[in-house]
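Please find below a colleague's note on the structure.

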Amino acid sequence: MKKVLKIVAFIFGGIVILALGGVLYLNTTFPKVSPAPKITISATPEMIERGKYLANHVVGCMDCHSTRDWTKFAGPMISGTEGKGGEEFQNIVIEFPGELTARNITPFNLKNWTDGEIYRAITAGVTKDGRALFPLMPYPNFAHMDPEDIKAVIAYLRTLAEIETPNYPYADLNFPLNLIVKTIPQDVATPGSRPDPTDTVKYGEYLVTIAGCADCHTPREKGDPIPGMSFAGGMEFKTTTSNDIIRSANITQDHETGIGLWTEDVFLGKFKTYRDSSWHNKPVKPGEVNTVMPWLF
């Protein structure tokens, strides 16, 4: 009996040593990316304007890094909070694997970051001090952006009003995701190139990729997209006012549940509807269904 206990203790001890060694390896080796590039952006009015368009209407910087009023339809951004951070995503996403708060991306927090460090965070998911970002910050998508578009976003962020906030914590993720996340950032060998807008299919693909449409409109299992279900909808979110579950729509070409029978005018009209000012401050009472789709951005 004693011999059996010794063997069990030996095996258990070996497992513990291997586990500790694995944790030490992950913590000391990852994220494994190159140093931040040494770039200095010479901003022009045109570059800043392009960055403003992208940050506010395409890549979602202001969507996630500002304060939104979830007592109103689509959670409109509260004026004067552009880039201040503080949004707690565990209050929005169903079964979020831990706690995550959007960081402050105004010059208050980024003033000591170089342009290259911001560029690396956007495209490779690594912070100034070498932390791995959780890919809810969709850097795998941003990695496909044209470098000039990334620089335009950075130029625009530098123009935001400096808003002082507490030092929001980085992600507090559940085990083992808190270790796995360190292995996700990677260098990008071939950055994307912005297509000619006249090539509507290629340009549309570019915008859909960097906007992360698939991230919300693709169902997942254990955090991974279900193969063959891209853009099929069904990802679950909850409203912060009533905890109702809402699901993203099917935006594939399916004729019954998707948008396959929509004309271009119908598609564009869906977005133009929310330009009407009557939607911008529409109250949503407790118990009424809201939406996380950023219609107002």
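1. The side chain of Ser66 reaches the backbone nitrogen of Gly83 at 3.1 Å, and the backbone oxygen of Met62 at 3.0 Å. Each is a polar contact (a pair of N or O atoms within 3.5 Å; within protein, one must be able to donate a hydrogen and the other to accept it, and residues adjacent in sequence count only if both atoms are side-chain atoms).

2. This is a predicted model, in which local features need pLDDT of at least 70 and side-chain atom pairs count only at pLDDT 80 or more, while totals for chains, interfaces and linings use all residues. Residues are numbered from 1 along each chain as its sequence is written, and side-chain values use heavy atoms, with hydrogens and water left out.

3. Ser66 lies in the loop between α3 (61-65) and β1 (98-99); helices (H or I, at least four residues) and strands (E, at least two) are DSSP runs, numbered from the N terminus. Ser66 has a relative accessible area of 0% and is therefore buried (buried is under 20%, exposed over 50%, partly exposed in between; 1.4 Å probe, protein chains only). Leaving aside residues up to four places away in sequence, Ser66 touches Met77, Thr81, Glu82, Gly83, Gly85 and Glu87, contact being heavy atoms within 4.5 Å.

4. Which residues line the second largest cavity? The lining consists of Ile105, Pro107, Leu110, Ile118, Ile154, Leu157 and Arg158. Helices α4 (107-110) and α7 (147-157) each supply at least two of the lining residues. A cavity is a set of points on a 1 Å grid over the protein atoms alone where a 1.4 Å probe fits but cannot get out, and lining residues have an atom within 4 Å of a point.

5. The structure holds 8 aromatic pairs. The ring centres of Phe267 and Phe271 are 5.2 Å apart with planes at 50°, so this pair is tilted (rings of Phe, Tyr and Trp, the last by its six-membered ring, pair if their centres lie within 6.5 Å; planes under 30 degrees apart count as stacked, over 60 as edge-to-face and the rest as tilted). About one helical turn separates Phe267 and Phe271, because they are 4 residues apart in helix α11 (residues 264-272). Phe267 is partly exposed at 35% relative accessible area, and Phe271 is partly exposed at 38%.

6. Tyr274 and Trp279 form an edge-to-face pair, 5.0 Å centre to centre and 70° between the planes. Tyr274 is buried at 9% relative accessible area, whereas Trp279 is partly exposed at 22%. Ring pairs link Phe73, Trp262, Phe267, Phe271, Tyr274, Trp279 and Trp295 into a cluster.

How values were computed
1 Å grid on protein atoms, 1.4 Å probe; cavity = no way out; pocket = protein on both sides within 12 Å on 5 of 7 lines; lining within 4 Å.
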